[in-house]
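This report covers aromatic contacts and charged pairs. Start by looking at the side chains.

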Amino acid sequence: MIGSGMTEASGVFTFPQSGKYIVRFHCGFAANFDARYVSAAIDGMIDGSVLHNLGKTYTHISYVQSNATYTYAVTQCIFDCQSTSTHKVQFAIDERSANNISVSSGLGFTTMQFFRIGDT
């Protein structure tokens, strides 16, 4: 990492300085059932108002005979952080099945990446 890093509070991420950023969300899912779809999304926040689905990717899980089946959803967006006090991001997942799906956090299956690419 070069410079200051992101900070997080209650699932909301704050940028260390203003600028344009590539934001990536790699989300690993695990289930022992079929799921019609699972999705990973990046939501922006400006002055507390949520801008849904700046980046969103869908995938599905087809259960195979094992303890768990895994899949990935990877999405990204370019976010223009004009002010570190008002412009933030958060991440969301969704799934459609009769069960609860789990997000796999071990071994780097779920990560968020932030790359500052220029001034605002």
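## Terms and basis

Exposed means over 50% relative accessible area, buried means under 20%, and partly exposed lies in between (1.4 Å probe, protein chains only). By that scale Asp119, at 58% relative accessibility, counts as exposed.

The model is predicted: local features need pLDDT of at least 70, side-chain atom pairs count only at pLDDT 80 or more, and totals for chains, interfaces and linings use all residues. Residues are numbered from 1 along each chain as its sequence is written, and side-chain values use heavy atoms, with hydrogens and water left out.

## Aromatic pairs

A pair of aromatic rings is described by the distance of the centres and the angle of the planes. Rings of Phe, Tyr and Trp (its six-membered ring) pair if their centres lie within 6.5 Å; planes under 30 degrees apart count as stacked, over 60 as edge-to-face and the rest as tilted. The search of the whole structure finds 7 aromatic pairs. One of them joins Phe15 and Tyr21, tilted, with 4.5 Å centre to centre and 45 degrees between the planes. Phe15 and Tyr21 are both buried.

Phe25 and Phe91 also form a tilted pair, at 4.8 Å centre to centre and 50 degrees between the planes. This pair links distant parts of the chain: Phe25 sits in strand S3 (residues 19-31) and Phe91 in strand S7 (residues 87-96), 66 residues apart. Strands (E, at least two residues) are DSSP runs, numbered from the N terminus. Phe25 counts as buried because its relative accessibility is 3%. Phe91 is buried too, with a relative accessible area of 17%.

Which residues do ring pairs link into a cluster? They are Phe13, Phe15, Tyr21, Phe25, Phe79, Phe91 and Phe114.

## Salt bridges

Side chains of opposite charge can pair when their charged atoms come close. A salt bridge here is a side-chain nitrogen of Lys or Arg within 4 Å of a carboxyl oxygen of Asp or Glu. The structure holds 2.

Asp80 and Lys20 meet in a salt bridge at 3.7 Å, N to O. Asp80 lies in strand S6 (residues 69-81) and Lys20 in strand S3, 60 residues apart, so the pair links distant parts of the chain. Asp80 is partly exposed, at 26% relative accessible area. Lys20 counts as partly exposed at 31%.

The side chains of Asp119 and Arg116 meet at 2.7 Å, N to O, in a salt bridge. Arg116 is partly exposed, with a relative accessible area of 35%, whereas Asp119 counts as exposed.

Technical notes:
Helices (H or I, at least four residues) and strands (E, at least two) are DSSP runs, numbered from the N terminus.
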